[in-house]
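This report goes through the structure shown below, one chain at a time.

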Amino acid sequence: MASVAQIDGSTPVVRRRSKLAKFMENPTIWRGLLAIVIFLAVWEVGARFDEWFGKEWTLPFIGLIPPPTAVFNAWLKIIPQAGYWDSWLQSFQRVLTGFGAAMLLGIPFGLALAVNKYFRDVFFPPFEVLRPIPPLAWVPASLIFWPTNEMSIAFVTFLGAFFTIVINVLGGARTIDVRYLRAAQSMGASQWDLFSKIILPGTLPSIFTGAAVGMGITWEVVLAAEMISGGGTQGSGGLGFFIWNSYMGGSLEQVVVGMISIGIAGFLSSSAIRWLGDRLMPWRRLF
Amino acid sequence: MQTAETTQTPGSAGAGKIGAEAALDAHGVGKSHLQLQNVSKAFGDEWDRQHVISDMSLDIRPGKMTVVVGPSGCGKSTLVNLIAGYEQPDSGVILLDGNPVKGPGKDRMVVFQETALIPWQTTYQNVVFGPKLRGDLKGKALEDEAKRLLVKVGLGEFMHKYPLQLSGGMQRRAELARALINDPRVMIMDEPFRGLDAMSRGLMQEFFLRLFEENRRTNLFVTSEIDEAIFLADRLVILSNRPASVRKVIEIDLPRPRHYTMLNSPEAFAYKRDAMELLHEEAMKSFRTSSSSSTGGKQGFTSASGH
Amino acid sequence: MNEFMSKTKVNGTAAPHAQINNGAPMGGALSIKHVSKIYDPEGVNVCAVDDCSMEIAAGEVCMIVGPSGCGKTTLLNAIAGFHSITSGEITLDGDLLCGPGKPKAAQGADRMVVFQNGALFPWKTLVENVAYGPIVQRRMSKPEALEKSYQMLAEAGLGDFGDKYPGEVSSGMARRAEIVRALINEPKVLLLDEPYRAMDALTKSIMHESLLETYDRTKVTIFFITHDLEEAIFLGDKVHVVTTRPCSLKKTIDVTIPRPRTYESLSSENFRHLMAEVNEAVHEEAVKAFQAGERELA
Amino acid sequence: MTSVSSPENSDPVKRQMTAPTGLALLWYRFKTSFATPRPYMMVGGIFLWLFVYWLLCEGLRLDRFDKIPGPLAVAKDMFSPTPFQGISIFTGEYYNHIFVSCRRILIAFTLATGIGVPLGLFMGWSKKVRDYTFPILETLRPIPILAWVPLAILMFPGFEGPVIFLATLASLFVTTLNTMLGVQSIDESYFRAAGCLGSSNWDIFKNVVVPGALPYVFTGLQISIGVAWFSLVAAEMVSGDHGLGYLIVDSYMNNVTVPMVIGMITLGFVGWFTSVIVRMVGNWLMQWHVKALALQGR
């Protein structure tokens with residue numbers, strides 16, 4: 001950002017401050033931190049009210065949940081346990097399977113819908129009929145259909161991301177500026193050139209938008225499927241099962257630990273997508 | 001101006017390097033003759049047929065800068081699309097050196113409104129895009145030619161930047177380079193400097209003129225700015241309002257090379273007055289045909305031309 | 001239009017026939033003295049306006065010409081009260097707008113701005129847009145304001161379009177409605193920030209005629225930013241050419257073309273000479289700005 | 001679509017001849033569209049899909065597919081006054097499930113909109129409010145709604161409480177963030193224009209912030225109602241009593257598969273229908289937006 005115009009002697013002195021100083025002076029940072037601290041404090045006080053003033057002082061809603069300090073302690077206790085990290089692994093595996101399958105099938109399907117008019121006419125209506133059904137409504141049907149729990153979870157996860165990705169790819173491919181196509185045509189591009197050099201890279205931003213939304217849905221679905229199906233038949237069954245199991249076992253602190261964990265997991269995966277998007281689309285990073 | 005049609009300009013060395021194909025052409029480097037004969041085009045539903053171009057005949061002479069002006073929305077872009085081959089005329093023919101135009105091709109390069117540089121390719125990649133696709137220039141030769149052109153348009157330092165990193169004026173120049181490397185026989189400029197502010201616009205015009213005056217490629221330049229038109233043109237074509245046809249062709253007899261101060265010469269002013277009068281008349285005509293309400297004339301006129 | 005002008009609230013001195021009252025316009029003398037503005041984004045000071053001074057007489061059309069991004073808009077923002085200034089002072093009819101001890105002028109209906117890309121509220125019809133000012137200032141009741149707005153729109157030739165939304169009319173009409181919206185507040189100064197930038201030459205010429213007609217009627221002070229030289233000379237009494245960033249006054253050119261100006265003025269000999277004069281002053285700055293722009297990106 | 005051609009003088013350039021309006025236009029569109037293969041292919045596509053579904057489940061009775069009820073079995077039960085498996089469009093229970101789900105959605109959606117829109121408006125408008133609330137929102141947002149189920153059950157006794165809480169929470173995030181983005185997307189010049197015209201803060205809020213954010217708000221509401229259904233189904237499946245999600249999971253538990261499929265179909269339809277309603281309300285409230293878009297040919 002070399003935005004220093006030619007400043008001659010008559011103007012006041014140019015002052016430079018370090019990035020860190022600038023960052024620390026920013027009121028937004030302080031307000032944000034303050035807000036989170038207040039949030040945690042209210043939660044802590046609210047949750048512990050009954051401990052301090054007796055049972056009759058149990059506050060509604062907030063008084064029924066564990067305080068943050070207790071959650072933190074529970075977390076410290078659970079971090080060394082292999083089972084906890086197994087849950088992470090399992091959930092990530094499921095998310096990646098379903099999400100990967102949805103990308104693999106959804107991108108070509110979406111592009112085909114965008115590129116070929118007849119293909120779109122035939123396949124888009126059934127797609128639109130199925131799309132409004134919430135992915136979780138498919139859970140029982142897929143439990144019946146697929147031989148193992150694992151496969152049915154994968155299927156529902158796949159569905160969750162698939163519709164979002166297809167819609168985004170289709171929308172992205174159809175809004176590519178026609179002038180890019182025309183310019184390429186003038187320069188002698190074949191149909192394949194148009195597809196590989198213009199349509200595909202032109203759709204990339206929408207693919208990543210779709211992927212980011214799809215990733216969010218995938219986590220929701222994996223979690224729900226894990227909770228509904230009882231965590232699979234073999235071993236511990238992912239973070240969703242971890243939450244459900246803790247709830248059944250009456251360990252509320254662990255429930256909240258599970259919630260935070262899955263929040264972090266979701267955040268990590270969407271950050272990964274954003275990072276990958278920045279890598280693959282350097283022209284979008286610039287401004 | 002006097003020599004343009006017959007002599008091979010020495011400045012076209014780069015173009016000469018590019019292809020044997022162009023050298024074989026009877027009309028010499030980039031100097032083709034483009035003719036429109038009774039071209040018509042309409043769009044829309046049967047009850048609401050919009051005749052955009054009707055019975056237009058136009059001669060775009062070799063080695064000349066032909067500038068087309070008309071009120072906005074009069075069908076200039078459709079004209080460009082027809083000549084470039086993106087759309088087909090309903091009737092009439094478009095001939096390039098006597099051969100009918102069938103579809104898009106590298107012999108007619110278009111520089112689009114705003115800019116149509118492909119945003120996911122760097123400036124350099126954009127420039128080499130065409131030759132690479134066709135494979136008619138390869139390896140070192142392509143690299144050298146691309147660099148030469150980029151340096152020529154003053155973007156030597158910017159070739160590995162993405163289009164969005166460049167200023168508006170730079171984008172236009174990059175697009176010029178992208179068109180030139182294909183060594184087109186006709187350059188088609190569709191309001192290329194639109195959206196630039198008046199001052200960068202003036203500078204771009206001067207720059208573009210220098211490029212043109214160097215090797216006098218056949219050029220069709222579409223614009224809605226009269227000053228720009230007079231400054232650039234050998235032949236000024238004024239279009240009628242919708243449906244567009246040729247209203248008048250004015251030969252602009254200002255000496256080349258041109259300088260921005262020429263715009264303030266009495267000759268240029270005279271041309272301008274003539275052109276403005278015709279355009280005003282056309283615009284008023286369009287108001288009369290389109291205004292359905294009974295309100296004052298002026299306002300309908302504005303609404304017609306303001307979109 | 002008499003109705004419009006004879007409205008009593010104008011500065012206490014409103015004459016019933018202001019349009020012939022050239023000698024005593026209704027105020028609006030702007031004085032800009034040694035104004036500087038330094039921005040401070042990302043910890044680096046950038047000087048946008050540097051020691052800029054100009055005097056604008058009441059009822060004058062003052063055109064500011066300079067390369068884009070040179071800081072003209074900053075000056076306008078300072079007058080309108082959108083931004084503060086670093087030093088210097090700006091007065092309107094002798095009253096301090098901003099200056100030492102008061103870096104930012106208060107926004108007020110005495111200085112109306114017409115924006116570059118148009119700022120008619122797209123969610124209000126033209127007439128609602130025009131009536132907005134008097135209503136929120138509690139100057140008129142709603143029906144009164146609406147009636148007045150219809151009337152003023154009709155005067156501007158937009159009578160049939162009052163109930164349309166800005167998105168439904170052409171950009172030219174929207175821009176004229178915006179000027180009407182400004183004028184209904186009886187401002188002392190009209191601040192226009194490249195209002196006709198995105199229009200093609202023909203539409204522009206119609207807008208110019210319309211603005212000139214409005215000016216001849218109201219004699220409001222106009223502070224007009226542009227980089228279109230023809231526009232500047234055709235409309236202005238004075239053309240101030242400013243330097244590229246930081247912006248300061250480079251040259252002032254008096255436009256001696258008599259009013260009322262018509263389309264024919266454009267082809268007069270006088271106009272041509274002025275054009276050459278302004279062009280010379282501006283071209284140098286344009287090249288400078290261009291080179292600075294290239295350097296900045298490199 | 002049809003609104004484009006109805007006003008005669010909506011665009012004097014484009015409408016040169018009188019265009020058919022209303023029904024005539026609809027009929028014309030029908031006629032021309034049936035001259036192309038498109039509608040036939042679309043209907044064909046639906047039938048092809050139904051046929052494949054039938055073939056796999058009922059025609060060939062392939063392994064595993066035979067456990068899923070085919071289209072004929074579903075249709076037979078769905079439209080029978082005496083359904084085999086208990087649910088059809090003639091049974092009151094079916095409508096009870098729909099009613100319960102819709103009531104929950106209505107409460108949740110109203111709550112989320114009632115809290116989310118004002119919150120979002122203030123967050124977008126005031127930087128301070130945003131600075132204090134946005135970080136909390138952003139910390140809570142990555143937690144999937146389903147992870148809240150145990151806490152929801154704890155905090156709210158009974159069946160209705162948790163379900164409504166989860167649906168509300170899900171749509172609250174979407175609505176708030178979209179509204180905030182909406183306010184931030186409003187062009188600065190509208191605020192400035194309003195300021196110039198002498199608006200008070202409340203005037204600006206009422207006349208600029210609210211209408212300006214509306215397009216985003218309704219985009220947000222459309223997503224939000226989808227998310228609400230998503231969470232509602234999940235919540236009903238985990239902890240519910242009645243409702244379409246409950247119907248699906250209950251049928252599964254009791255090994256009756258046809259009502260399960262009926263539940264899925266109904267969910268799809270009702271979900272789609274509610275989002276259409278939201279869109280229609282949005283268009284009705286934003287005539288200016290719709291008209292402008294229509295004129296741009298979108």
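Chain B contains 10 helices and 10 strands, both taken as DSSP runs numbered from the N terminus (helices H or I, at least four residues; strands E, at least two). This is a predicted model, in which local features need pLDDT of at least 70 and side-chain atom pairs pLDDT 80 or more, while totals for chains, interfaces and linings use all residues. Residues are numbered from 1 along each chain as its sequence is written, and chains are lettered from A and ligands numbered from 1 in the order in which they are written.

Of the 307 residues of chain B, 52% are buried, meaning that 20 or more other C-beta atoms, placed from the backbone, lie within 10 Å of the residue's own. Among contacts in chain B with a separation of 6 or more, 70% join residues 24 or more positions apart; a contact requires C-beta atoms within 7 Å.

| Domain | Residues |
|---|---|
| domain 1 of chain C | 28-110 + 190-298 |
| domain 2 of chain C | 121-186 |

Taken over C-alpha atoms, the centres of domain 1 and domain 2 of chain C are 26 Å apart. Contacts link 13 residues of domain 1 of chain C with 10 residues of domain 2 of chain C. On the domain 1 side, helix α6 (residues 201-218) of chain C gives the largest share, seven residues.

In chain A, the axes of helix α7 (residues 149-174) and helix α9 (residues 191-228), lines fitted to C-alpha atoms over the stretch in contact, come within 7 Å and cross at roughly 155°. The two helices α7(A) and α9(A) are therefore roughly antiparallel, a term for angles over 145 degrees.

Note on methods:
Buried ≥ 20, exposed ≤ 12 C-beta atoms within 10 Å, placed from the backbone. Contact = placed C-beta atoms within 7 Å. Domains from an automatic or database assignment. Axes fitted to C-alpha atoms, helices over the stretch in contact; angles between N-to-C directions. Parallel < 35°, antiparallel > 145°, perpendicular 65-115°, else oblique.
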